[in-house]
Every structure is written in structure tokens, then in C-alpha cells.
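Take a look at the model below.

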Amino acid sequence: MPCGTPSTVLPERERMALRGWAADLVELLLPGGCVACGGWIPAREGSPPKLVCDFCRTRMRPGSWPRCPRCHWPRGSGRLGSLECRECADWPDILAGARFAYELAPPVDDLVHGLKYEGWRELAPFMGDVMARMELPPLTPNPLVVAIPTTPGRMRARGYNQAGLLAHRIAEVRRLPSAVALVRTGASSSQTALTPEQRRRNVRNAFAPAADADRVRGRSVLLVDDVLTTGATVSAAAEALAELEAARVGVVTFARSLSNGARRVA
């Protein structure tokens, strides 16, 4: 027997079985739970763990139709009509349109809260994949993907920008160019409890050019964020991009607040 070789070596088949039993034991003692409802999600061999159970996925509401052609706010009248949408009437002209995946209601608000405040950065690929499959706002082909930046303080506290993770995933899946075009210079206070007018004042002049600002000139920009509420933040960012000579700006978010029922993460 060669020097250093153990006297007893388990056959490969037995070693594989032990690894399988160990995995089953971990699954039994530390079962995977849904981020939204906490329910157990059975592990699937050879597949990454799911963070959202099938039941919660069926509860995610995309919002009703018809919608405003520009901002996709549900009209709820049964017909589009020709009346101006009050939700986007005061948006800047450069802001061509907005799209969202789901209404900000349970369990979607739990996912947004988990990514934004609870350190569940592993949710970003799932949420980003959903956004990447959506129909984008009316932009030229291959728009530049830009994330809404967060403040330096929140970046230090969380260790990441949730909008940046989503933007990276969208750019990766759709094979689009991306850039860090804006930095956050103001609006350090939370937007959650503010009125629409207070939100607008809170983000006024909140954005400044970043490292890749020159790449914006003459291009369409796909602006990415986790939640769209009143549009104050994306409007301020779009105006900052207009100063950088962007041609057009569209917005895509994972969720949109359509009521007062789920504002804790807005």
C-alpha cells in the first residue's frame, strides 16, 4: 500500500451516497423557505434553491388592463379613451414610457422588501429575469441600461444597490450595454411616507453625472429601479440624463404601487 494512503477507502458509490444523505439531513434540519411566505420549498437535485414557492408565484398580480400607453397605469374603465393620464401628465418630455412586472401587493412587496432591506440579494436574478422578459418602453434598439443609483450611506449599509443588481441582470439576459451614468447626491431621507409633492421636492437635483456619463449622449436609456410609485425619482433621473444629452428615456421596474396598501417598500 502506498505511503499516506488510508487503510480504508470508501468506494465512489458509497461516498456519493454519504453526500446525498448529508444533503438530505441539511434539508431536514435547515429546510429552504420561501422569502415571501416562509413555506418549505423542497430541494431539487442538481438545481439551485428556489427562493419563491410556486404558490406565491401564482399570487403575483401583473395589474389590470387597459393601461395608459405611456406609463401603463391601469385605467380600469374598460376602454383606453383619449383622456390624458393624470399619473404621468407631469413627467418630463424625455421620459417616453414606463413598464412594470407586478403590482406592489403581497407577495410582491415581500420580495421587494427582502431585496431592498433584508440582504436577500439572491432575489435579484429571479426578479431581473422577470423584468428582462417584459416588453420594454418605446426605445431605439439596444438602449443603454442605467440603474437608479442609491445614496453612498445606503450602499455602505446594504453592500449593494438593489436597482444595480436588477439592471445588471437585465443587461446580461438581453445582451444590452450598461453603464454607471448617474450618482446620487441628495434625497438621503426615505420616500416611503412622503406625499407626491414631497417626493418631488425630496429628489430635486438628487442626481449628478457619474463615470460613464459620456456614454449617454445621443442614446436611448433604459432606466431600471425596483419600484415605481409616483414617478418623482425616475423623473428627476430622466431630467439628469437629459442634461447629459440622452435621446430618450424609458423606465422598467419590478413592481408598481397602484394603491395605498403596500407602501412600506416604496
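At what angle do helix H4 and helix H6 pack? The angle is about 55 degrees, and the axes lie 8 Å apart. H4 is therefore oblique to H6, a term for angles that are not under 35 degrees (roughly parallel), over 145 (roughly antiparallel) or 65 to 115 (roughly perpendicular). The axes are lines fitted to C-alpha atoms over the stretch in contact, with angles from 0 to 180 degrees between N-to-C directions.

This is a predicted model, where local features need pLDDT of at least 70, side-chain atom pairs count only at pLDDT 80 or more, and totals for chains, interfaces and linings use all residues. Residues are numbered from 1 along each chain as its sequence is written, and side-chain values use heavy atoms, leaving out hydrogens and water.

H4 covers residues 123-132, and H6 covers residues 162-174. Helices are DSSP runs (H or I, at least four residues), numbered from the N terminus. On the H4 side, the contact includes Ala124, Pro125 and Met127. On the H6 side, it includes Leu165, Leu166 and Arg169. Contact here means heavy atoms within 4.5 Å. By class, the H4 contact with H6 has nine nonpolar, one polar and three charged residues.

Now the cysteines. The whole structure has zero disulfides, a disulfide being a pair of cysteine sulfur atoms within 2.5 Å. Cys85 is in no disulfide either, as its nearest cysteine sulfur, in Cys71, is 3.8 Å away. Cys34 counts as buried because its relative accessibility is 4%; buried means under 20% relative accessible area (1.4 Å probe, protein chains only). Cys85, at 9%, also counts as buried.

Key. Helices (H or I, at least four residues) and strands (E, at least two) are DSSP runs, numbered from the N terminus. Ala, Val, Leu, Ile, Met, Phe, Trp, Tyr, Cys and Pro count as nonpolar, Asp, Glu, Lys and Arg as charged, and the others, Gly among them, as polar. Buried means under 20% relative accessible area, exposed over 50%, partly exposed in between (1.4 Å probe, protein chains only).
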